[in-house]
Amino acid sequence: MGKAVKKYFALFVLPTLIAFVIAFAVPFLMGVYLSFTEFRTVSDAQFVGFANYIKAFSENNEFLFSLWFTVKFAVVSVFSINVLAFALALMLTRGIKGTNLFRTVFFMPNLIGGIVLGYIWQLIINGVLYKYGYSITSNPTFGFWGLVILMNWQMIGYMMIIYIAGIQNISTDILEAAKVDGANSFTTLFRIIIPSVMPSVTICLFLTITNSFKMFDPNLALTAGAPSKQTQMVALDIYNTFYSRSGYEGVGQAKAVMFFLVVAVIALLQLWFTRRKEVES
Amino acid sequence: MKKKVTALLLVIVVICMSISLTACGKKKSQVYFLNFKPEAANAYKEIAAAYEKETGISVKVVTAAANTYEQTLKSEIAKSDAPTIFQVNGPIGYNEWKDYCLDIKDSKLYSYLSDDTLAIKEDDGVYAVPYVVEGYGIIYNDAIMQRYFALPEKKTDITSTDEINSFDTLKAVVGDMTANLSKLGIEGVFASTSLSSGEDWRWQTHLLNVPLYYEFSENTDYDDPTLAGLNLKDIEFKYHQNFENIFDLYINNSITEKTLLGSKSTADSMAEFALGKVAMVQNGNWAWSQISDVEGNTVKANDIKFMPIYTGIDGEKGQGLCIGTENYIAINKNVTQEQQKASLDFLDWLFSSTTGKDFVTNKLDYITPFNTFTEDELPNDPLAKEVVRYMNDDSVKTVPWIFTSFPSEEFKSHIGSYLLDYAQGTRKWDEFKKELINKWKSER
Amino acid sequence: MEHSKTANRIMFALLVFAAAVFLFPIFVVLMNSFKNKFSISQTPFVLPNGDTFAGITNYTTGVADTGFFSAFGWSLFITVFSVLAIVVFTSMTAWYIVRVKSVFTSIFYYALVFSMIVPFQMVMFTMSKTANTLGLDNPIGIILIYLGFGAGLSTFMFTGFIKSVPVQIEEAATIDGCNPAQTYWRIVFPILKPTAITVAILNTMWIWNDYLLPYLVIGHDYKTIPIAVQYLKGGYGSVDMGAMMAMLVLAIIPVVIFYLSCQKYIIKGVASGAVKG
């Protein structure tokens, strides 16, 4: 088979390859290179070594602050999204009346774009806080929980679908057998259901972690970092460093490289860790 | 059948991709104007349409969203279809973009300047020309002020706005008005001190201009306060107490609780003023359209007046409005000569032809620094008229716009976020003061 | 048995409550889109009444200000053709990668997988710069950008599936005289259809809602829906809350229609997409 196909390289691979090189490979390598230079457009780049990387930390603590803010955000939302999504998935696999309708409703927010989501929640949260004489920018804590709620609203349905698929894959024989053995619902849950949906857990954790770290649109629309950039996540910090300050393009690019490394390391660690769990069970 | 469909799909996609790859030769705009003023977005669209109708040359106008001009310019100027006309906000802005500014000393536009020292020059060249003169101060609704002066339980002995000529008188009147809100039929003396991000320029730039102007003009090392501002590496922020005076006056007598200021925009403030809910708002003559366009506007045009921003600095007696410009037009050096010429022709048309001037005066409401405009070609709106009145009044001393010497955009927005924190009570005034001094130093 | 019945009842009540919580925000936005702009931000939870009812004026001003219909058109155009290009080309590439084992294909495959974890900020400037230099900063060129940037996940999903397709069927077709292109379109692609639907749906959800990429690449000349909504905030010198609410509603409607009409595929697609990932 392979030999005959090989001649058709131009038809099968070339379009994707060209697009990939233009849209990803070249920009990625250029990005790595530019992080070691000072530049405004690309042609005037001057090599400066690690100066941008040093500046990202020494100039002010915005990068570290936003990174820490992102980590806190990711921990809280990954936990809450997965717990709630899994709980909903359990309830929706019991044959309760209206299961399909519920599933439809819970998944819907996921299709709404980040910018639109941000403005929806800005209206709601400001409306509630207004009664107490506050707004979402009065205090960074409001912004933090606003983002967490938004993220939950958006992602729970998605993760729930994945968990439902995982739970439905468990063979009914095992569940029946457990029942015959007199296992109560708790032991069934922890001994049978959770171990068998580990592949779903892997993918859900992966999706929620990476999405939490990369969050940009809702952050821009909901708080835009206010007050005092204290609700600014890394992606927004990089964007602002890059586009709002002249002379900081290189620093922005350096931050982007570090951001990429952080996301890559965390994602790979998580995959390695949960995959190992899958194998064990 | 299936084969046909898939083949068709494939053909469509291939065609699309080949079009996109050959689209490199797309035509560039002759004139591409990157507009700074969101409130003028629609007027510029009309102007572009009129110009195209008259000359057949298409003018592309793109308006940057509020507070995103620098970043829009940055991303646009790197493109192959780059703006041909852009603006810099004074000497600092020029320094940032000097690699892109064409020398326009031989242009008609420069020759129209009634005072050619206003242009931004370096060595022998002229690189940016101001196109609008603006003034700001405290806009007040005279109908409400008259109601106050007629109030029997009034505690001050001031009977006309002319007598408000210092911070103390202003504070006394404002405080007494706040005590009588319901009788005056208003919900606050001042409109919201908008402090949401990107909406705080009235304070971190315009208001801060006043105390720093006095500080810089006392510096005898320089002939000119702007020059002092441009060169000083350290500032003292000597009049920070006066800045606090006026800022506190605004937020303590506001329609909005301090904790909610972070969600307010300039448009909110102007709407509050237009609906007669407040008596005063600090802003400039460009805000007229934001007042007049509000639905349910209850403020009469001839009740809208300006008063200077008093802060209690010695020598503020006889102070006028803050008048100046931060809007300098520049031509992109890196576009083709043809485009440069077309751009200059367009600007020439806009600022000297009858049709163009009509747009400038009546749609954009600009007071221009050009001698092509006669005395009666001034904008008709009440705020512009007030600015002209103050400019021509020899008994008052105009405060020039020295904020064009502030070190960077980052300085302003950083200070703005500290002001929000102060207003919300999460930072002390002293922290704000220290941060301002430090940030000036680090951004210079 | 009795026990589980009460449990189900409690759960039903919980689910009804959760569903109400999920729908509430959308309801609030819908309600406020019919109020005048000054009665929105401070009292969003109050139904419109005689004083605050604004009819459809928010919709008319919003549509006029943002050029909503052209934004809708561009969003639709870009999404449809980008998704089409992604499905067609990445599935072919995936098949080639699986069937032709060489150093090159495995490097390409790993490069594609690698691109999946790279955050957009890493390439935002360099990609928009490259797109501009090559003249791809128009609604047609951006299709190529989406193909390149979306290739990672899509190829990855297709290869995962193709690995389980027995090669014998294809060999039989080759013996019957089909060239590889014919074999692919007649035999392989129909087998891939479920994965193709999944890929199409995941990419539609991404591209339709994407903000930063189109904003940086084509945003000043062609506004898609997210760009138009964001531009409402500062693009006209003031934020018209009424128009904003109306635009949010208009931005949600096409999504809801798409969702309700393809619900079965979407939910299946998301579930199976995840399992293969």
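This is a predicted model: local features need pLDDT of at least 70, side-chain atom pairs count only at pLDDT 80 or more; totals for chains, interfaces and linings use all residues.
Helix axes are taken here as lines fitted to C-alpha atoms over the stretch in contact, and the angle between two of them runs from 0 to 180 degrees between N-to-C directions. In chain B, helix 9 (residues 201–217) packs against helix 11 (residues 240–252) at an angle of about 130°, and 9 Å separates their axes. Because angles from 65 to 115 degrees count as roughly perpendicular and those over 145 as roughly antiparallel, helix 9 of chain B is oblique to helix 11 of chain B. The crossing of helix 9 of chain B past helix 11 of chain B is right-handed.

By residue class, the contact of helix 9 with helix 11 of chain B holds 7 nonpolar and 2 polar residues, with no charged ones.

Turning to the two chains, 21 residues of chain B and 19 residues of chain A take part in the contact between them. On the side of chain B that touches chain A, helix 3 (69–77) and helix 17 (409–424) of chain B are the elements giving two or more residues. Helix 17 of chain B supplies the largest share of that side, 7 residues. The side of chain B that touches chain A is made up of 5 nonpolar, 9 polar and 7 charged residues.

Chain A itself is divided into domain 1 (2–34) and domain 2 (53–280). The C-alpha centres of these two domains of chain A are 32 Å apart.

Notes: Residues are numbered from 1 along each chain as its sequence is written. Chains are lettered from A and ligands numbered from 1 in the order in which they are written. Domain bounds come from an automatic or database domain assignment. Helices (H or I, at least four residues) and strands (E, at least two) are DSSP runs, numbered from the N terminus. Angles under 35 degrees count as roughly parallel, over 145 as roughly antiparallel, 65 to 115 as roughly perpendicular and the rest as oblique. A crossing is left-handed if the near helix is turned anticlockwise from the far one by less than a right angle, and right-handed if clockwise. Ala, Val, Leu, Ile, Met, Phe, Trp, Tyr, Cys and Pro count as nonpolar, Asp, Glu, Lys and Arg as charged, and the others, Gly among them, as polar. Two residues are in contact if their C-beta atoms, placed from the backbone, lie within 7 Å.
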